[in-house]
Amino acid sequence: MTSSSAQYTFSATVTSEDGFTATSSQPFTVTAGGTTPTTTGIFGATVTDKNVTSTIKADIQAWEALVTSIGCMKIYFQNANNPPPTSVAAAAGNAHIQAAWQLGIPVILCYEPTYSGTTNDATWPGGADKPAQGNSATTGTILGDQAQMIASAQGLIKSGMNVLAACMWQEIDDTGKHGGVPDQYTYLYYQNHGPWKAALPSVPLGIIYTGYNNPYATSSQLTSWFPGPTVLRPSDTRYCDWVAVDIYGNGYTSGTRYPYQNGPGNAPNAGTAGHLADMADYAGIAFGWSEFGNSAKGIDPGQANMTLMISNDAKLTPYPGDPVNSIQATFAYRVANGLPCMPVMWYQDNANTGGPNLIISSGDYRIPLLKSLAKTLSGSISSPGLQP
Amino acid sequence: MCAPVLRNISFDQASYTAGQTITATVTYTSCCSGPFTVAASDTGGRTWTVTFNDGISMATLQAIA
């Protein structure tokens, strides 16, 4: 663990072409003597609206005024945004990037490579011959996509964005998002993780699952998308730095989509690893909750169940509605035990008028629950160097 | 006369561990269009490198903590 810290003063001077200057200073802190990453976690939210992008910045500020400041948000790259922008200026058409930059909100970049991966590689499951990998100038190849993703992240960082983390695709176990099979997806991480980390050592590359379409009970399916060791495949090499999941209230209350199979701190049953916080702990990487709300598309579970999901930290009780797996209990456990955390992020789509995830009035019952959750995580905000 | 006004300095993290890269963002304004140059130092004697400068309103600088 770290041992001591010191505060320094940073001074910057701006000089005009004809020699006039302006100088200002700002303190910063450096902790000395330790290389062990600190436990990390940030409370965030993704406030989006595909229909009225001109108001995104105001929408985010309105949510922050009602609930709490946003420590992280997702940036979704759709096909229309590929190749991704390589600077904030070049991202003029992406209102979410612009808003995050203007408001100083850290981001998780979700890339969509044009190449879906391969099963045709003798060194990877499912194939016989290693294919040509293209080159950095050729879109549609692994090396072409890789060069674009790295250039994108580096460019956005140089523009002043705080790029907290990145992933390829997202909600990956919803096969419609990737369009391929698990071996193709894990192959992308096998090929890209090393070069990405060499180019961007402070930007961990991870994976986002969905808790909606594939219940955790189908553990072999979830582990098949994971490029790292699991209890089902303990000898696999790790090619990712974190894992997160999108689970909404309707999925959580089903009783099968919990981060821990037997509650935090209890080992999963032998042969099953479909619970993602169990998977993260087994692989020794960070776990996050990258989207949550009342419902992605199903039935609103209501206030009582949302309270259980967000904040209840009572002892383990039988399924369904297991409060020991609440978001607050899960992350309080992780923070207390030094387990690395990725952000916990509310999801609000303002394009979904009247939707169950909209928090737009000060009397909303979820506001105090989210404030409490943010407080749980507030002491753990730190660097993006998440992996042990 | 074209005097700049330095508006804000921000860091990409709340604190740093020794050996990490520090990224500082400096924003400024002026009545003219520039260009402006930006330089920095700190009380710990680190070497700060300008990694981006649009010449008009902002620059980012990096150093090793």
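**Close-up views of a predicted model**

**View 1. A:Q154 counts as partly exposed, because its relative accessibility is 31%.** Buried means under 20% relative accessible area, exposed over 50%, and partly exposed in between (1.4 Å probe, protein chains only). The model is predicted: local features need pLDDT of at least 70, side-chain atom pairs count only at pLDDT 80 or more, and totals for chains, interfaces and linings use all residues. Residues are numbered from 1 along each chain as its sequence is written, chains are lettered from A and ligands numbered from 1 in the order written, and side-chain values use heavy atoms, without hydrogens and water. Leaving aside neighbours within four places in sequence, A:Q154 is in contact (heavy atoms within 4.5 Å) with A:A199 and A:L200.

**View 2. A:F10 and B:W48 form an edge-to-face aromatic pair.** Their centres are 4.6 Å apart, with 75° between the planes. Rings of Phe, Tyr and Trp (its six-membered ring) pair if their centres lie within 6.5 Å; planes under 30 degrees apart count as stacked, over 60 as edge-to-face and the rest as tilted. Both residues, A:F10 and B:W48, are buried.

**View 3. B:Y28 and B:F36 are also paired edge-to-face.** Here the rings are 5.6 Å centre to centre, at 70° between the planes. B:Y28 is buried, at 1% relative accessibility. B:F36 is buried too, at 3%.

**View 4. The charged end of B:R46 sits over the ring of A:Y8.** The distance to the ring centre is 4.1 Å. A charge sits over a ring if NZ of Lys or CZ of Arg is within 6 Å of the ring centre and within 35 degrees of the ring normal.
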